Amino acid sequence: MAARISAQQHAPGRDQYDSVKDASRKPVEVAQFSGVRAGMTVLDITTGAGYSTEILSAAVGPEGLVYAQNPHLILKLIGGRHHDAMVERMSGKRLPNVRYLIVDAEDMPFRGSIDLVNWAFNIHDVYNEGGDAAALKDLQAMKRALKPGGILVVSDHIGVAGNDNEALHRIETATIIRLLKQAGFVVEASSDLLANPADDHTQSIFDDELRYHTDRVLIRARKPN
């Protein structure tokens, strides 16, 4: 798996920003922590321009399958540029084991058929905009999609209590863990793989000096059998 991911990082046709993200996203190490394996069926939630989808495509190998989901909002967000980038990433059948879907999370058709769900750097948006109810609605959709014993991997930019995490596009780790447990997931492990102690959590994730290098949490949870 590590060899497939490393090879994909040098494959032609990746998005122009992918290589900029590689060092801080640590795709091989994150995949190993996540528990993704060859042949799995994986769902990448709110894939955006598809960075994680491309890595997961390599991780599951030619016998696996990746569903890349974006909500309908993606067609409007920053003029649809993330959607356009995802479509370009898929052009020429360069990711033959990927299926791209535009569907809101609660309307996804999956029922107990997914081995692993990846939700990267988006729970803060859902929670900050819609609170517990919005985040739990999406988490329940992911839980429905997963097989019994299936894995959910969540990563996001760390926020701390007392800061305006909504404006900073961050979320407290304790909030993520609380929401996962409320949704009925068993939290198995968290990792500091994506940590950056130089991030003091007071800046926006879009700050020029901090972008792509924020302090991040990585959590693995599981749907009960």
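Residues are numbered from 1 along each chain as its sequence is written, and side-chain values use heavy atoms, with hydrogens and water left out. Because the model is predicted, local features need pLDDT of at least 70 and side-chain atom pairs count only at pLDDT 80 or more, while totals for chains, interfaces and linings use all residues.

Let's start with strand 1, residues 41-45. Helices (H or I, at least four residues) and strands (E, at least two) are DSSP runs, numbered from the N terminus. Five of the five residues in strand 1 are buried, so the strand is largely enclosed by the rest of the structure; buried means under 20% relative accessible area, exposed over 50%, and partly exposed in between (1.4 Å probe, protein chains only). In a regular strand the side chains alternate between the two faces of the sheet. Here Thr-41, Leu-43 and Ile-45 are buried on one side, and Val-42 and Asp-44 on the other.

Strand 1 has neighbours to meet, where two strands pair if DSSP finds at least two bridges between them. Strand 2 (residues 65-70) runs parallel to strand 1 and is joined to it by four bridges, with Ala-68 as the bridge partner of Asp-44.

Now turn to helix 5, where His-83, Ala-85, Met-86 and Arg-89 are buried. They cover an arc of only 160 degrees around the axis, which puts them on the same side of helix 5; the arc is that of the directions from the helix axis to the C-beta atoms. The face turned away from this buried side carries the exposed residues Arg-81 and Glu-88.

Finally, the largest pocket is lined by 47 residues, and Gly-48, Leu-77, His-82, Phe-121 and Asp-125 lie nearest its centre. On a 1 Å grid over the protein atoms alone, a pocket is an open set with protein on both sides within 12 Å along at least five of seven lines, a cavity is a set of points where a 1.4 Å probe fits but cannot get out, and lining residues have an atom within 4 Å of a point. Helix 6 gives the largest share of the pocket lining, eight residues. As for the largest cavity, Val-30, Ala-31, Ser-52, Ile-55 and Asn-118 lie nearest its centre, among 18 lining residues.
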